[in-house]
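Some notes on this model follow, as numbered points. Please read them with the coordinates open.

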Amino acid sequence: MRKTRFCELFGVELPIVGAGMGGVATAKLAAAISEAGGFGTIGLAGFAAEVIRSEIGAARKLTKKPIGVNILVPFIQPGLVEAAVAARPDAITFFWGAPLDSITVARRAGIKTIWQCGSADEAKVASEAGVDAVIAQGVEAGGHVRGTTTTMVLIPQVRDAIGDLPMIAAGGIADGRGLAAALALGADGAVFGTRFIASLECVAHPRYKQRILESKAEDTFYTTLFDIGWPDAPHRVLRTELVRRWEEAGRPESGKRPGEGEVLGKFRREGVEFPMVNYSVSPPLAEMEGDLGGFAWYAGQSCALTNEILPAGEIVKRIAAEASGVIADRLVKLI
């Protein structure tokens, strides 16, 4: 398929971006997406500076192609952005707030910046801040969701607000049809999150991946329920037994929920031990054992379009091929 402004600016072959999903978008997944011609993103949520350096370094050993990282603005600690910049990713995506100082740090170092937005107003602020591109995220998206507007309505609004600035669409997109639709709406590419959870390289727990394959859009749930570690941040997850128990209890507020404070176990990453508790913001990861039902099983409504687990590179190729076919077919029929 033809390159877009995003491809040209970021030096990639295909306008296919891997979401910077905290916990599951690690170096292996991001590198596989980039190596196939897309733009892989490492989720840096909860990582210390030394882990950031090692994770980006691990990705560089797997691919020499452009790669990005995702940083959550509420969790920026002193030295974190500087550590990411020092590791020389090709771009940093900032999400959930106005990262004006961090954008300045990145730009001074020659690192491209992307601001993930949930509204046209936020996208306009991002444009005025001098970012290289914006991500416009619709409410269909899995994980933490900034806005409340559907992708199909949001993308044209953002395009009108930011002019010619490169824009990537996110939310509810899982295949080439979705990519073609995003391009038609005015985007220069699309972000894929839920689809890449169901990939071989993703470190999500096998049961989590399988549940995504089995789920419909109606099985997702937009909520603030999973808040241990990040309160008052809306997100979209799959319904679990813990969600059912909470609903049957009358949807009580935080502090009064069924099983709250219950420790499910522990897991280790990079030598650090983390407790596993109900209502945690952590997704179920492959290295976790025991009861995983108390975690956030993040998924977008595009789970309905996700039907098999494949290598990430194969997913990229299939999306690109399908998008090219859809675009060619529809143009012939419309002219």
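1. Is cysteine 303 buried or exposed? In this predicted model, cysteine 303 has a relative accessibility of 0% and therefore counts as buried. Cysteine 303 takes part in no disulfide, and the nearest cysteine sulfur, which belongs to cysteine 202, lies 15 Å away.

2. The disulfide count is zero. Cysteine 117 is likewise in no disulfide; the nearest cysteine sulfur to that of cysteine 117 is the one of cysteine 7, at 20 Å. With a relative accessibility of 1%, under the 20% cut-off, cysteine 117 counts as buried.

3. On the overall fold, the chain contains twelve helices and 13 strands. Its radius of gyration is 19 Å, close to the 20 Å from the globule rule for 335 residues, so the chain is as compact as a globular protein of that length. Along the principal axes, the C-alpha atoms fill a box of roughly 55 × 45 × 35 Å.

4. Of the 335 residues, 56% count as buried. As for contacts between residues at least 6 apart in sequence, 57% join residues at least 24 apart.

5. Helix α6 (residues 120-128) packs on helix α7 (residues 151-162) at an angle of about 35°, and their axes are 9 Å apart. The crossing of α6 past α7 is right-handed. On the α6 side, the contact is made by Ala120, Ala123, Lys124 and Ser127; α7 contributes Leu154, Gln157, Val158, Ala161 and Ile162. By class, six of the residues in this contact are nonpolar, two are polar and one is charged.

Technical notes
Residues numbered from 1 in each chain as written. Predicted model: local features only at pLDDT ≥ 70, side-chain atom pairs only at ≥ 80, totals over all residues. Heavy atoms only, no water. Axes fitted to C-alpha atoms, helices over the stretch in contact; angles between N-to-C directions. Helix = DSSP H or I, 4+ residues; strand = E, 2+ residues; numbered from the N terminus. Left-handed = near helix turned anticlockwise from the far one by under 90°. Contact = heavy atoms within 4.5 Å. Nonpolar A, V, L, I, M, F, W, Y, C, P; charged D, E, K, R; others polar. Disulfide = S-S within 2.5 Å. Buried < 20%, exposed > 50% of the residue type's maximum accessible area, 1.4 Å probe, protein only. Rg over C-alpha atoms; globule rule 2.2 N^0.38 Å.
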